[in-house]
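Subject: Structure for you to look through

Dear colleague,

Please find the sequence and the structure below, followed by some notes on what turned up in it. Take your time with them, and keep the structure open while you read.

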Amino acid sequence: MRLHSSAGMPWVLAIVFLLAPITAYSEASASDASAPVLPRPRLSNRLRFLTAETVSHFRYVDAAEGRVTARDVYYKLSTRVQLNVKGDGTTYLQGRGESGGNFISSYDYTGVGLHERHWSFNLKSFFLGQKFGKHLEAQVGGIEFDRGAGTEASYADNDGWLEGYRLFYSGSPGKALPERINVTIGYVGDFLQPNVFARLPRMDEQNYIQILAAKKLGANQDLSMEFDSIQTIRFTRQALHWQKIPLRVLDEGFLEAIVRASDGARFGWSASLFKTLDTKKRLRPGVFYSDIPDAMFLRESARIFQNGDSYVFGKRIGPTFRWMLPQNFEVTLFGSRRLDSTPGPRYRGQIAVRYQFANLLNRLLP
């Protein structure tokens with residue numbers, strides 16, 4: 001699907017949004033030359049690190065007995081930053097800088113293992129946001145995916161990218177209406193191009209539509225439902241995230257399903273279950289099962305969309321474990337076993353040590 005528009009339109013919108021507060025300030029200054037000089041705002045009031053983390057990661061992957069494709073130590077560096085163009089945050093710029101060179105990867109090789117060392121860092125997303133009152137917000141540029149209440153198991157990989165336009169409504173309606181409605185039109189592709197500025201010209205080549213509604217079912221349950229069109233192939237997706245489940249053996253879970261409704265119908269689903277073992281919520285083992293057909297995101301023989309690389313396609317099951325350590329450190333373990341003959345990894349095992357330092361960076365801002 002291609003919707004024709006001016007290639008320069010995104011930049012016109014960006015300039016209008018950026019210059020609006022500056023123009024208003026200039027007009028006010030010109031009307032009162034004797035107005036007192038206001039102190040310059042602190043950088044910490046404008047700039048905010050939303051996330052920042054570094055990860056050391058060991059991974060083992062094989063495709064069959066004797067066919068080991070990965071046995072390496074990796075590194076990851078990732079940060080998301082927001083700059084408020086207007087002090088109240090109604091106009092802002094946001095970007096995600098990250099290692100990794102493709103749509104399903106935020107890791108690079110350290111050189112310890114089967115592969116040679118490779119270091120990279122790219123600005124993978126960069127967009128302009130504008131709030132209109134209390135309930136409406138628009139975003140334009142290299143925006144992030146909205147996975148609703150679900151995960152990357154049935155939708156876009158957490159490291160992926162999207163160029164386009166989004167308008168969403170959020171509020172507190174009655175019992176029958178959703179709290180959030182998103183409409184996104186954009187372009188998905190260029191899976192080997194991590195630089196957002198190299199992909200922004202694609203904004204006049206829309207091949208992706210998402211209409212998503214999210215609703216809270218009580219205090220601990222989040223439900224989302226969506227319609228998607230990817231290269232004119234229709235999909236529907238539903239997801240439920242349930243926290244504080246009143247059972248002895250588990251207390252949190254994700255259940256998600258995706259349906260390919262045209263050009264060769266397919267059905268896929270995934271479930272993840274967790275149990276917190278201590279009162280400080282530091283130890284959390286879990287298990288997942290996913291069944292996403294290999295042809296779910298194929299158009300003829302071309303892959304048009306990519307879900308999380310930890311889950312990929314086919315029937316898979318595996319354990320997970322998270323151990324929260326003091327001082328923003330975290331240890332995670334993940335394993336998976338292929339249960340059918342779908343091409344791709346047979347066994348996958350990984351252990352990661354993560355350090356989250358967004359709060360440290362925010363405290364260092366002047």
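Are aspartate 309 and arginine 348 buried or exposed? Both of them are buried, where buried means under 20% relative accessible area, exposed means over 50%, and partly exposed lies in between (1.4 Å probe, protein chains only). Their side chains meet in a salt bridge of 3.2 Å, N to O, a salt bridge being a side-chain nitrogen of Lys or Arg within 4 Å of a carboxyl oxygen of Asp or Glu. Aspartate 309 lies in the loop between strand E16 (302-303) and strand E17 (314-325) and arginine 348 in strand E19, so the pair ties together parts that are 39 residues apart in sequence.

Before going further, please keep in mind that this is a predicted model, in which local features need pLDDT of at least 70, side-chain atom pairs count only at pLDDT 80 or more, and totals for chains, interfaces and linings use all residues. Residues are numbered from 1 along each chain as its sequence is written, and side-chain values use heavy atoms, with hydrogens and water left out.

The mean pLDDT of the protein chain is 90, and 88% of its residues reach 70 or more; pLDDT is the predictor's confidence in each residue, from 0 to 100. Over residues 1-33, however, the pLDDT is below 50, and this stretch has 29 contacts in the model beyond near neighbours in sequence, a contact meaning heavy atoms within 4.5 Å. Where pLDDT is low, the predicted coordinates should not be read in detail.

As for the overall make-up, the chain has 366 residues, of which 45% count as buried, and its secondary structure comes to three helices and 19 strands. Helices (H or I, at least four residues) and strands (E, at least two) are DSSP runs, numbered from the N terminus.

The search of the whole structure finds 18 salt bridges. One of them joins the side chains of arginine 346 and aspartate 62 at 3.0 Å, N to O. Arginine 346 lies in the loop between strand E18 (329-338) and strand E19 (347-356), while aspartate 62 is in strand E1 (residues 47-64), so this pair ties together parts that are 284 residues apart in sequence. Aspartate 62 is buried, with a relative accessible area of 2%. Glutamate 98 forms a salt bridge with arginine 96, the closest N and O atoms being 2.8 Å apart; glutamate 98 counts as buried at 3% relative accessibility, and arginine 96 counts as buried at 4%.

Not counting residues up to four places away in sequence, phenylalanine 297 touches Phe235, Ile258 and Phe313, among others.

Finally, valine 259 is found in strand E12 (residues 252-260) and counts as partly exposed, at 25% relative accessibility. Residues that valine 259 touches include Arg234, Phe235 and Phe267, again leaving out those up to four places away in sequence. Tyrosine 169, placed in strand E7, is also partly exposed, with a relative accessible area of 32%.
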